[in-house]
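Subject: Model handover

Hi,

Here is the model I promised to pass on.

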Amino acid sequence: MPGVRRTFFGAVMETTTVFLVLVALTFISFFMGRKRSHAVASGQGGARSLHSLPKHYGYMAALWALLPALLLLVCWLIFEGSFLSKLTVSELPQQVQQMPANQQGLYLNQIISYALGSTDAAMLDEAQLTAAKHYQELAATSRTLKAMLVFLVALIGAVLALRRIRPALRARNHVEGIIKWILFGCSFLAVLTTLGIVLSVLFEAIRFFHEIPLADFLFGLDWSPQMAIRADQVAASGSFGFVPLLVGTLLISTVAMIIAVPVGLMSAIYLSEYATRRFRSITKPVLEILAGVPTVVYGFFAALTVAPFIRNLGESLGLHVASESALAAGLVMGIMIIPFVMSLSDDIINAVPDTMREASLGMGATMNETIRKVLLPAALPGIVGGILLAVSRAIGETMIVVMAAGLSAKLTINPLEAVTTITVQIVTLLVGDQEFDSPKTLAAFALGLVLFFVTLVLNVIALYVVRKYREQYE
Amino acid sequence: MNNTSKPDTFKHSEAIKASLKKRYARERRFQWYGRLAVLTGFVFLFILLFDIVSKGYPAFTQQFIKVSINLDLDQLDLPPNATQEQLFSANYLGVIKASLREMFPDVSGRKDKQQLYRLLSVGAEYNLRDRVIENPKLLGHTTDIWLRAHSESGSYLKGQVDAAMPESDRRVKDLQIGWLEELKAEGRTESRFNVAFFTNGDSREPEMAGIRVALYGSFFTLLVTFAIAFPIGVFSAVYLEEFAPRNRLTDLIEININNLAAVPSIVFGLLGLAVFINFFDLPRSAPLVGGIVLSLMTLPTIIITSRAAIQSVSPSIREAALGVGASKLQTVFHHVLPVAMPGILTGSIIGMAQALGESAPLLMIGMVAFIMDVPGGVTDPATVLPVQVYLWADSPERGFTEKTSAAIMVLMGFLIVMNALAVYLRKRFELK
């Protein structure tokens with residue numbers, strides 16, 4: 001093992017060194033830019049004649065040295081791996097090149113892991129050893145080339161910037177323009193992330209639907225992805241009917257909402273309308289602790305405490321309760337969502353104008369009548385929006401159900417039985433070693449697509465409703 | 001008209017008076033529902049915390065048994081004046097077994113002997129080895145040495161085993177209980193603070209398993225997360241608050257940020273698996289990828305709170321700076337950001353706390369491995385604290401339940417510290 005670490009670490013060190021030298025070059029460019037601005041100004045009455053402060057000329061040179069080179073470095077790191085693999089493959093014997101894609105991938109992985117020093121030569125054949133040597137040579141060339149090109153680009157950038165320095169050059173505006181683009185780039189990352197999510201799940205899901213028809217997936221009543229025993233079997237791919245997962249997910253979410261909505265909503269009403277300021281200022285943060293507890297802790301609580309408790313309780317009543325009952329998972333998920341519902345409804349109720357409260361109370365209504373007949377109807381759209389957000393969170397919740405819900409998909413709406421959910425299936429399909437092209441793995445991405453789509457729709461509706469509601473009273 | 005309306009009004013007010021009692025009762029009932037709801041929340045929280053703490057606190061102590069060990073050179077397969085290497089690979093297990101047999105000479109039969117050996121941890125021989133290497137003078141003598149107890153005998157010594165239960169239902173057998181009672185009466189058992197829990201990596205044996213690897217993994221992962229999410233989050237917030245023109249692109253960005261805040265965390269794990277591991281070929285199980293995924297997940301939190309902090313900076317500061325000729329960018333970086341910084345830090349700490357407790361996306365990218373070696377950097381395979389909790393929660397041994405709860409206590413301890421820090425910063429911020 002130490003061999004692996006050293007070589008892998010070596011590759012990282014290489015990049016780190018290149019990066020550090022690049023940073024050093026950036027600093028040098030800064031000082032040279034500043035110096036040069038003094039130099040060009042000295043003939044024309046000193047630093048006063050400059051448009052910007054000398055340091056801005058320095059910044060300009062530094063940015064010109066850093067940014068293009070950094071971009072090159074990042075691109076290089078991203079594409080180096082696949083490029084090297086391609087080159088290695090092209091040198092391999094004919095019969096290897098004609099292997100199916102996943103076998104070839106395995107073959108190549110052996111070569112690369114040997115080249116990086118993590119496996120012994122004993123596992124490889126003659127051709128692989130040659131290829132590994134070839135790979136090592138290529139990698140070495142790539143490293144040298146990377147360092148040289150990055151430094152060259154940095155130097156060219158710095159020289160170009162330095163040559164442009166004149167007293168009349170508006171260096172500050174130039175630098176600020178670049179920085180504004182950087183700021184924009186940072187915020188555009190959110191769009192890129194969404195795009196990344198959509199593309200990554202969509203591509204794999206489309207490949208999945210090439211093998212399993214969409215209708216079978218959406219309307220199939222049977223989910224058992226673990227069947228692919230022999231590749232030549234006709235129906236070797238198991239069955240991928242999505243309905244039991246959906247029902248299971250909805251069942252657990254329903255149990256959760258039955259706990260969370262009344263408790264959360266009533267707490268919010270009590271705390272915002274009845275409680276003294278002091279009581280509220282102590283109670284609210286304490287209840288919000290529930291929101292800060294990691295979900296894995298809830299999962300542990302559900303699996304080891306609540307589920308056995310419910311099973312024993314059910315047995316003493318003469319009921320048969322599964323040890324991974326939907327009730328246990330849903331109950332604990334409900335506890336997790338209480339503070340979420342509470343703070344959302346609290347915001348919404350507080351947004352109802354006081355005039356409405358006062359008018360109702362002034363007419364002689366009791367507080368409870370005011371709340372039920374005036375406040376809640378007025379706040380209803382907002383509360384519904386908040387509940388939708390809570391539902392979307394329940395559907396996407398993973399750890400609780402992974403630890404406390406069942407694995408086998410059963411089509412039932414009995415909360416005492418074990419059901420499975422979309423998220424549980426994603427985790428079980430993807431955790432552990434998998435080959436990346438089997439329908440099993442791809443199914444996880446199809447489920448991910450459904451999950452993303454469902455929660456997205458819920459969120460968009462909820463956010464829209466809440467915003468409309470706010471605008472109504474602003 | 002007057003004559004007819006008077007008794008009518010009277011009748012109405014009578015009716016109202018009669019209904020008042022009902023209405024007030026309903027009012028009181030409603031208030032009680034509210035109190036009940038708040039109370040329910042409290043009760044759930046209390047049960048949760050009580051359950052974890054009561055299960056977890058025994059894991060912070062560990063039982064040791066004093067065994068007189070005869071470090072006989074023949075028994076150890078050692079020549080006189082052994083080298084370090086020979087000391088390292090000597091037959092310590094044999095010595096321990098022989099010493100145990102000597103202490104309980106009446107034990108005979110294979111099964112009984114097996115049970116006797118199971119009093120001590122599998123790791124006891126390494127304990128002994130380290131002691132001998134540290135102090136080679138012990139060789140050839142009989143000395144009393146404290147050795148770590150097996151998790152099952154440990155749990156008996158901690159009083160967690162009900163001896164009244166039928167023998168077949170418990171893992172500590174009657175014979176073992178007899179020996180342990182004997183040892184206890186002789187003062188040969190001791191309970192110590194469980195240092196190994198903080199200094200060991202994961203292990204198959206509950207009494208040797210520790211959270212060190214997970215702590216390092218969490219640290220490296222959070223480091224990456226912070227290094228990526230903090231600058232990008234703050235820059236995005238600055239752009240959206242101070243520079244973004246009102247147009248469709250800005251709207252698109254804002255909608256995206258709001259939606260990302262509500263995307264299930266596991267979907268970010270899918271993104272990490274498909275993009276960073278399969279496409280960019282970054283190492284599996286590494287804090288680097290975990291950190292990148294978590295930073296994408298916490299970015300919306302940081303952006304939204306940073307925007308609120310920047311928004312709350314009073315416009316007079318901006319105007320003053322602009323008035324003396326600062327550029328827009330100088331105004332923001334020299335004046336607005338320093339004032340908004342406590343608020344931004346509060347939001348970032350809350351985001352980091354979220355990232356620290358998150359485990360679902362990390363399962364997707366393979367940070368769910370059995371790892372004994374402490375990671376040395378962000379590209380070494382590692383696991384994180386919540387995932388360690390998940391792994392241990394799956395283990396059937398009773399000893400691991402205890403460990404899981406203890407790991408949860410450590411995790412929650414970190415979260416409480418982080419949140420307290422955030423609250424403190426917010427308080428200071430509000431004073432200004």
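First, the terms for helix packing: axes are lines fitted to C-alpha atoms, for helices over the stretch in contact, and angles run from 0 to 180 degrees between N-to-C directions. Helices (H or I, at least four residues) are DSSP runs, numbered from the N terminus. With that in place, helix α11 (residues 326-351) of chain A packs against helix α13 (residues 367-396) of chain A at about 150 degrees, the axes being 9 Å apart. That makes α11(A) roughly antiparallel to α13(A), on a scale where angles under 35 degrees count as roughly parallel, over 145 as roughly antiparallel, 65 to 115 as roughly perpendicular and the rest as oblique. On the α11(A) side the contact includes M333(A), F340(A) and I348(A), and on the α13(A) side L375(A), G382(A) and R393(A) are among the residues involved. (Two residues are in contact if their C-beta atoms, placed from the backbone, lie within 7 Å.) Sorted by class, this contact of α11(A) with α13(A) has 15 nonpolar, 3 polar and 1 charged residues. Here Ala, Val, Leu, Ile, Met, Phe, Trp, Tyr, Cys and Pro count as nonpolar, Asp, Glu, Lys and Arg as charged, and the others, Gly among them, as polar. The crossing of α11(A) and α13(A) is right-handed; a crossing is left-handed if the near helix is turned anticlockwise from the far one by less than a right angle, and right-handed if clockwise.

Before you go further, a word on provenance. This is a predicted model, in which local features need pLDDT of at least 70, side-chain atom pairs count only at pLDDT 80 or more, and totals for chains, interfaces and linings use all residues. Residues are numbered from 1 along each chain as its sequence is written, while chains are lettered from A and ligands numbered from 1 in the order in which they are written.

pLDDT is the predictor's confidence in each residue, from 0 to 100. Chain A averages 84, and 91% of its residues score at least 70. Among the elements of chain A, helix α8 (residues 243-274) has the highest mean pLDDT (93) and helix α3 (residues 94-97) the lowest (72). Over residues 1-7 of chain A the pLDDT is below 50, and this stretch has 9 contacts beyond near neighbours in sequence. Where pLDDT is low, the predicted coordinates should not be read in detail.

α13(A) also packs on α8(A), at about 140 degrees with the axes 10 Å apart; the two are therefore oblique to each other. This crossing of α8(A) and α13(A) is right-handed. Among the residues that meet are T249(A), A260(A) and E273(A) in α8(A) and M367(A), I387(A) and I395(A) in α13(A).

Elsewhere in chain A, the axes of helix α2 (residues 54-91) and α6(A) come within 8 Å and cross at roughly 40 degrees. That makes α2(A) oblique to α6(A), and their crossing is left-handed.

Now for the two chains together: 74 residues of chain A are in contact with 71 residues of chain B. Helix α6 (residues 171-211) of chain A gives the largest share of the chain A side, 20 residues. That side has 49 nonpolar, 20 polar and 5 charged residues.

Finally, domains, whose bounds come from an automatic or database domain assignment. Chain A is divided into domain 1 (2-169) and domain 2 (239-472), with C-alpha centres 48 Å apart. Chain B has domain 1 (62-194) and domain 2 (212-431), and their C-alpha centres lie 47 Å apart.

Cheers
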